[in-house]
Amino acid sequence: MTTATHPPRHQLPSAARTARRRSAALGLLAWAAGISFCLPALWMLLTSFHSEADAATNPPSLAASLTLDGYREFFGGGGGPTPWPPLINSLSASLFSTVLVLVLSLPAAYALSIRRVRKWTDVMFFFLSTKMLPVVAGLLPVYLFAKNTGMLDNIWLLVILYTSMNLPIAVWMMQSFLSDVPVSIIEAAQVDGARLPTVLARVVAPVAGPGIAATALICFIFSWNELLFARVLTGVVAQTAPVYLTGFVTSQGLFLAQLCAASVVVSLPVLAAGYAAQDKLVQGLSLGAVK
Amino acid sequence: MATPTGPTPYTPRDGARSGRMRAWATRAPLLPALVFLVAVTQLPFVATLVISLFDWNSLDPEERAFSGLSNYASVFTDPALRESVLTTVLLTASVVVASVVLGLVLALLLDRAFLGRGMVRTLLITPFLLVPVSAALLWKHALYNPEYGLFNGALSWAAGLFGIDSPAQPDWISEMPLLAVEAALVWQWTPFMMLILLAGLQSRPAEMMEAARLDGAGNWQMFRHLTLPHLRRYLELGILLGSVYIVQNFDAVFTITSGGLGTANLPYTVYQTFYQAHEYGLASAAGVVVVIGTIMVATFALRVVSSLFREEATRA
């Protein structure tokens with residue numbers, strides 16, 4: 001399929017023209033697919049800038065004037081509740097757990113790639129197998145434990161659970177990124193008398209740095225998106241943004257423009273992060289197996 | 001970082017003691033992560049196993065009693081629970097198959113140079129980057145809503161072009177509940193499959209493709225005999241990772257239908273059994289059943305990943 005742009009010389013010019021025309025048609029088809037896939041999201045964005053009256057018309061009015069009312073209402077402009085506490089809860093739970101994941105997974109990945117423990121592949125598979133354990137299977141004991149220790153409705157509980165949820169992925173990703181650091185360079189630095197902190201800062205970090213950043217981003221996205229734990233284990237105080245969103249409709253009745261504005265706001269950090277790290281995102285989600 | 005200063009490999013110290021110490025120094029960085037994971041994921045599962053053997057409703061705490069495997073018997077005989085097993089299988093299989101096929105078509109479209117390819121790719125991955133709850137709310141209220149959702153809006157707009165006054169305005173969610181959930185999930189997961197398969201397509205050895213082309217192979221022949229075999233690992237990886245993630249889906253089922261109208265999958269049922277019905281024993285047994293199902297899928301997944309991984313290990 002890649003040859004369309006380089007037709008072999010022995011082909012007739014008319015064949016080359018057909019190939020070029022076919023290639024242009026397939027390009028248009030790709031554009032059509034891209035736009036139709038994105039259409040629901042674009043629709044959400046457009047609706048978020050409509051007034052409630054314009055948002056609830058059938059057939060839809062594309063020419064309706066744009067307004068920030070949906071966003072203003074969502075942020076409490078009408079005297080309603082503000083989304084700041086849940087947004088801040090989501091932000092802190094995601095950030096703290098990302099830091100904890102890095103603190104735990106970096107040394108582990110070091111032991112699995114640079115100075116390898118024996119049977120390191122078995123250890124890798126243990127990490128992966130915990131990811132295959134569905135969260136519902138441990139939810140009830142965690143709930144009972146939290147209830148009995150007074151840890152319900154507390155973001156630190158979410159931090160711990162999100163860390164366990166993301167740790168296996170992080171270990172796998174980090175392992176694959178740290179394996180990219182040539183061992184010979186590390187040994188050369190050690191022979192020159194460099195201590196471990198120096199080796200890490202001067203040799204490992206520059207090579208593996210971008211990968212480590214991507215890992216952190218993915219852990220952040222997963223924590224930010226999580227609903228089940230947050231729904232069961234938090235209430236009023238530690239409520240996260242996804243939980244707030246699900247409760248949004250029932251408590252206020254359906255205001256479509258406002259709901260769309262809310263969804264846009266909550267998705268914005270993930271969209272920004274995801275666009276920035278498209279390739280690493282796949283690699284992380286496929287646990288480093290696809291490079 | 002908790003890494004201890006490593007022993008320098010070129011200054012051998014005497015005896016087995018230093019050897020053992022060195023082994024521990026190598027192992028030590030691994031321990032915090034291992035201990036943490038065992039404590040937070042494995043221990044609760046053991047507790048779930050134990051609770052699943054009890055007849056325990058939290059509204060009736062005095063009645064708690066050991067009941068052996070009777071909760072498991074209930075899971076498999078209770079029609080509602082049995083239906084949710086079926087729903088889970090159906091939901092997972094159809095979403096995975098549809099999103100892999102669509103993802104393959106899109107990956108093939110994007111695996112060629114055309115104007116604005118990067119932009120199209122960005123457009124395509126957007127569904128995957130929306131927060132799952134936002135995506136589910138979007139489908140439920142902005143698209144499926146029978147009165148002013150986009151789908152019915154488009155229907156009445158199209159009907160207006162043909163001068164039809166009262167076009168069909170289906171109530172999508174109540175008329176085809178499972179399909180409604182599946183469509184939203186396929187929309188979200190197709191970009192993931194597309195990205196994995198695109199990575200596969202772009203790792204095809206160019207010389208081989210060129211050689212086949214010079215030998216006179218047609219597009220279909222090249223796809224059938226070169227591309228598809230090369231993509232096999234990536235297809236398997238996509239299918240299995242997709243299965244593991246989608247088997248556990250909670251957000252879409254919870255948001256779009258609240259498990260009603262025959263769309264309750266096992267994760268939702270477990271959630272409901274313990275959170276609303278307070279049947280702790282029964283919920284735990286259902287949770288264990290989910291785990292057994294996932295382990296069956298995951299065994300295949302691990303085998304695939306490990307074959308990818310072995311190549312990686314031999315290369316290193």
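I'll start with the largest nonpolar core, which has 180 residues. The residues with the most contacts inside this core are A:Leu112, A:Phe127, A:Val204, B:Leu30 and B:Met194. Please keep in mind that this is a predicted model.

Which helix gives the most to this core? Helix H9 of chain B, residues 177-202, with 16 residues.

Now one residue from the first list. What does A:Phe127 touch, if we leave out residues up to four places away in sequence? In chain A, A:Phe127 touches A:Leu112, A:Pro168, A:Val171 and A:Trp172. In chain B, A:Phe127 touches B:Leu30, B:Ala33, B:Leu34 and B:Leu37.

On the chain A side, 105 residues are in contact with 112 residues of chain B. Together the chains bury about 9,600 Å² between them, and 77% of that is on carbon and sulfur atoms.

How many salt bridges are there between chain A and chain B? The count is zero. For polar contact, the count between the chains is eight residue pairs, with both residues at pLDDT 80 or more.

Last, the side of chain A that touches chain B. Its largest share, 16 residues, comes from helix H1 of chain A, residues 13-48. By class, this side has 76 nonpolar residues, 21 polar ones and eight charged ones.

How values were computed. Residues numbered from 1 in each chain as written. Chains lettered and ligands numbered in written order. Predicted model: local features only at pLDDT ≥ 70, side-chain atom pairs only at ≥ 80, totals over all residues. Heavy atoms only, no water. Core = buried A, V, L, I, M, F, W, Y, C linked by side-chain atoms within 4.5 Å. Buried < 20%, exposed > 50% of the residue type's maximum accessible area, 1.4 Å probe, protein only. Helix = DSSP H or I, 4+ residues; strand = E, 2+ residues; numbered from the N terminus. Contact = heavy atoms within 4.5 Å. Buried area = accessible area lost by both parts, 1.4 Å probe. Salt bridge = Lys/Arg side-chain N within 4 Å of Asp/Glu carboxyl O. Polar contact = N/O pair within 3.5 Å; in protein donor to acceptor, adjacent residues only side chain to side chain. Nonpolar A, V, L, I, M, F, W, Y, C, P; charged D, E, K, R; others polar.
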